[in-house]
Amino acid sequence: MVWLIPVLGLLAGILLGSIISLQIPLTMAKYLSIAVLAALDSVLGGVRCIYENNFNGLILLSGFISNALLAAFLAFLGDQLNVDLYMAAVFVFGVRIFQNLSAIRHYVLSSFLKKHNLHATQRKD
Amino acid sequence: MKKSMLPNWVPWLTFLLLLIGLFFVQELKIQSAIVTASADPKTEVLISLITNLEAETAALEDRLASIRQETEALIGQAATGESQLTELQNQLTQAQIQAGITALEGPGITIQLDDNNSGLTSSPADDPNRYIIHYENLLYLVNDLRNAGAEGISINGQRIVVSSEIRCVGNVILVNTTRLAPPFEISAIGDPKALEEALASSTTYQQLSLSGFPVSYKTTGSHSNNISLPAYTGSFSTKNLTSAAHEEAS
């Protein structure tokens with residue numbers, strides 16, 4: 001049940017966010033949403049790496065920070081140029097999230113099928 | 001993987017998911033704040049604005065209705081008031097014409113008079129007074145024209161009004177306290193025929209004509225040029241008088 005610990009972390013974060021109120025200005029809303037997307041992307045990438053057995057916590061964290069910073073910079077630049085550049089970051093994060101999710105699903109399903117020896121019978125069917 | 005030890009990814013993912021939860025809730029708060037900030041007070045302001053405007057519209061419509069009623073009443077009054085005004089203006093114009101303070105135009109007669117210079121030079125020993133036009137000549141001629149029904153008279157551009165004097169000071173003739181010099185031109189508006197007849201029977205004119213004065217007259221025909229009289233430019237003294245009619249009226 002080690003999966004429960006990160007989920008508890010998510011719940012703790014939600015609880016923490018509900019209790020404390022970071023006085024974030026309204027203009028920062030866009031950057032915060034990009035940070036959420038970057039974190040989600042990093043989490044799914046990390047989970048994928050777990051299945052690929054090349055997980056590294058530092059790489060994960062540095063990837064999250066650099067992605068979030070780049071996305072924030074794009075959003076800032078887009079604000080200055082009056083072009084929705086942050087959409088590029090949103091798009092990239094979205095695509096990566098789906099790719100990571102499909103990879104994770106692939107690994108989860110294949111390991112599940114391997115565990116129950118279903119793929120052989122399924123193939124025979 | 002060992003069961004006694006947590007896998008190394010657990011704290012990282014826990015941290016990231018904690019961040020996601022924190023950020024997500026904050027984002028939700030901001031979005032709801034934006035929604036409430038942009039919608040709630042604005043809506044109430046707009047609702048109160050609409051209510052106020054509707055009340056204002058109703059009040060204005062009431063006022064419009066009353067103003068329309070007033071206008072209709074005033075139009076009714078104006079019909080009578082306008083005719084009264086026109087009548088008053090007509091009376092005023094008539095009074096101005098009678099007072100002589102307006103320039104006039106119309107048919108009439110023009111009389112030219114001059115001193116008998118040739119007579120004076122031919123008989124230098126004679127009294128020069130017999131060869132010049134005197135103020136009496138002008139006064140009598142004006143009176144004759146008035147008798148004949150002249151409606152407006154001027155002498156050398158000086159309009160004869162009720163307060164006009166024709167008098168002599170030294171060797172000049174004053175009309176409206178303006179000095180006049182020969183030749184004189186008397187213009188009169190009126191029935192040309194009547195004026196001509198009056199002039200023909202005028203002893204003054206006859207006498208001047210017979211005495212060799214260069215006198216002549218010219219009447220306007222029905223189609224020829226009208227005589228134009230200038231307006232009286234002097235003032236009317238009302239220092240001592242008050243209108244008796246004014247006292248009656250009040």
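Residues count from 1 along each chain as its sequence is written, while chains are lettered from A and ligands numbered from 1 in the order written. Because the model is predicted, local features need pLDDT of at least 70 and side-chain atom pairs count only at pLDDT 80 or more, but totals for chains, interfaces and linings use all residues.

**View 1. How confident is the predictor about chain B?**
The pLDDT (the predictor's confidence in each residue, from 0 to 100) averages 82 in chain B, and 93% of the residues score at least 70. The model's ipTM is 0.82 and its pTM 0.43.

**View 2. Chain B has an open, antiparallel sheet of three strands.**
The order is β5-β6-β7. Strands (E, at least two residues) and helices (H or I, at least four) are DSSP runs, numbered from the N terminus; two strands pair if DSSP finds at least two bridges between them. β5 (166-169) and β7 (178-180) of chain B each have a single partner strand, so one side of each lacks a neighbour in the sheet. From one strand to the next, the twist averages 40°.

**View 3. β5(B) meets β6(B), with a helix packed on the sheet.**
Four bridges join β5(B) to β6 (residues 172-175) of chain B, and V169(B) sits opposite V172(B). Helix α3 (residues 135-147) of chain B touches β5 and β6, and its direction makes about 180° with that of β5(B). Such angles run from 0 to 180 degrees between N-to-C directions, with axes fitted to C-alpha atoms, for helices over the stretch in contact.

**View 4. Chain B touches chain A.**
Here 26 residues of chain B contact 32 residues of chain A (C-beta atoms, placed from the backbone, within 7 Å).

Methods. Two residues are in contact if their C-beta atoms, placed from the backbone, lie within 7 Å.
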